[in-house]
Amino acid sequence: MSKVYITDTLTKEKVPLEPIEPGIVKMYVCGPTVYNYIHIGNARPMVVFDAFRRFLEFIGYKVVMVQNFTDIDDKIINEAKEWGVDWKTVADTFIAEYFHDAHLLGVRAANFHPRTTDFVDDIVNAVQKIIKNGYGYVAANGDVYFSVRKLADYGKLSGKNPDDLRAGARVDVNELKRDPIDFVLWKSAKPGEPTWQSPWCAGRPGWHIECSVMSQKLLGDMFDIHGGGEDLIFPHHEDEIAQSEALTGKPPAKYWMHNGMIIVRGDKMSKSLGNTFLLREAVRRYGKDGVKLFLLSKHYRSPIEFSDDLLDDNSKAALRVHAALNRFREKYPYPLVPKEDEEMKGMIQRFTEALSDDFNTPVALSVIFDALRELNKSMDSGNDERALKMYHLIKRVFGPILGIFDTESPKKSESSAVSTNLDVLIKSLIEVRNEFRKAKQFELADKIRNVLSESGVKLFDTPEGTKYEIIEQERKMEG
Ligand SMILES: Nc1ncnc2c1ncn2[C@@H]1O[C@H](COP(=O)(O)OP(=O)(O)OP(=O)(O)O)[C@@H](O)[C@H]1O
Ligand SMILES: [Zn+2]
């Protein structure tokens, strides 16, 4: 089995992946809080860790993967209140929508998809143990907090220093915590909120404890890789380490892997900031493989600036691959298996080496595009034998490892025709608005902006011109 290197967030070094149990990689990836449709930022860890898992399987590992759903949280409760339904209806709805989107994107389900509220008994037991071990305390109102100062090396994952955090912390007059940087393990409910029984008060788990408990329950005290977006390093993963050390004396995972953020004009794309581009809309406009190439064409730890143009370029690249695969299959509808020759071996080796080097997908993709060029050349020159080899590499070896090119390219369906027309329509309105602005007829220009905004189309004036985004279209359509 070839050696795989990954960048471990804890040591900040590229280290060889040496699983605790040889041959098996146990991986836990933090999943979404389910109160809305997922956006293209949430899709990044889904795509990256799914592809990483496929790659590990390709080189011979067994992989056990867990991805949780946070199904109770203030934001879920607030949405439920707004819509006049209970929290569970909101959570169930967006878990169903999550699976719809994962399927659309060709992201395989994890082995386990635990939900927080299915583990409340275990969470209560864990909180009790943390208190018993001297790391937790009960506040006057029944909240339970983790006492950060009990851990000498708190902050080691994020590089944050408890004294600096303390200096920057906002201290409430009604402070229940003994130290402003303590974090909540169990929180009491406000009137009307859903509750679970506990020895301290009727309430619900804090956010961080769920992942410590579910990962321990499903993967053991210590597993191999803990993953998620880098926005979770602090406080979520830092606090998970603190909790696991308080519970077992060990950190939860041997390695930490974090994907970089999808950025929109300097901010992280996030449901709570409302600057999202829904994954479903992205797949509709750019195709599943266009979106996946967009997410995999940069190294997983680098940020990606959200850009229509970049998505468009990747969508076109995906179409070029589909066109070549289709052309080959028109001649050979049921292509069989070619004999592996030195050229194929060499390309597989380059591909594998790239992914073994901290999962370098941009380099791996360049091998796919080399194979694409050779496929087209071979078809042009009538070398069908070599064309089959290149087809085989793209369609059956490289594609499945990255989770791309496994379905037919999207046909020009009615919906994509609608979306093309919509794009033309919006761009024409933007042009008209710019004409008005040039003529200093700002009232009319604003009217266009407002009408678009009411239809869920948000305009952004950038140095490269006016761009638009369709915001939360599904919700707008209900109202
Ligand atoms: N902009 C982003 N780029 C890359 N990954 C992201 C981005 N936003 C969230 N993630 C990742 O998506 C997963 C689900 O996160 P979560 O549901 O907290 O998303 P969110 O949009 O940030 O929501 P919220 O606004 O509620 O914090 C996590 O692994 C998180 O790190
Ligand atoms: Zn988590």
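A residue counts as near a molecule if one of its heavy atoms lies within 4 Å of it. By that rule, 23 residues surround ligand 1, and His39, Asp231, Ile262, Lys268 and Ser272 are the closest. Before going on, keep in mind that this is a predicted model, where local features need pLDDT of at least 70 and side-chain atom pairs count only at pLDDT 80 or more, while totals for chains, interfaces and linings use all residues. Residues are numbered from 1 along each chain as its sequence is written, ligands are numbered from 1 in the order in which they are written, and side-chain values use heavy atoms, with hydrogens and water left out.

Back to ligand 1. Its shell is made up of eight nonpolar, 11 polar and four charged residues (Ala, Val, Leu, Ile, Met, Phe, Trp, Tyr, Cys and Pro count as nonpolar, Asp, Glu, Lys and Arg as charged, and the others, Gly among them, as polar). Helix α1 (40–58) gives the most, with three residues, and β9 (223–229) supplies at least two. Helices (H or I, at least four residues) and strands (E, at least two) are DSSP runs, numbered from the N terminus.

Now look at the oxygen atoms of the ligand. One is 2.6 Å from a side-chain N or O atom of Asp231, and a polar side-chain atom of His39 lies 2.7 Å from an oxygen atom of ligand 1.

Next, the zinc ion, ligand 2. Cys30 (SG), Cys211 (SG) and His236 (NE2) coordinate the zinc ion at 2.0 to 2.2 Å. Donors here are N, O and S atoms within 2.8 Å of the metal (3.2 Å for Na, K and Ca), and since water is not among the atoms, sites may look incomplete. Along the sequence, the donor residues follow the spacing C-x180-C-x24-H. Cys211 and His236 are both buried (under 20% relative accessible area, with exposed being over 50% and partly exposed in between; 1.4 Å probe, protein chains only).

Finally, the aromatic rings: the whole structure holds 17 aromatic pairs. Rings of Phe, Tyr and Trp (its six-membered ring) pair if their centres lie within 6.5 Å; planes under 30 degrees apart are stacked, over 60 edge-to-face and the rest tilted. Tyr28 and Phe223 are a tilted pair, 6.3 Å centre to centre with 50 degrees between the planes. Tyr28 lies in strand β3 (residues 24–29) and Phe223 in strand β9, so this pair ties together parts 195 residues apart in sequence.

Terms used:
A polar contact is a pair of N or O atoms within 3.5 Å; within protein, one must be able to donate a hydrogen and the other to accept it, and residues adjacent in sequence count only if both atoms are side-chain atoms.
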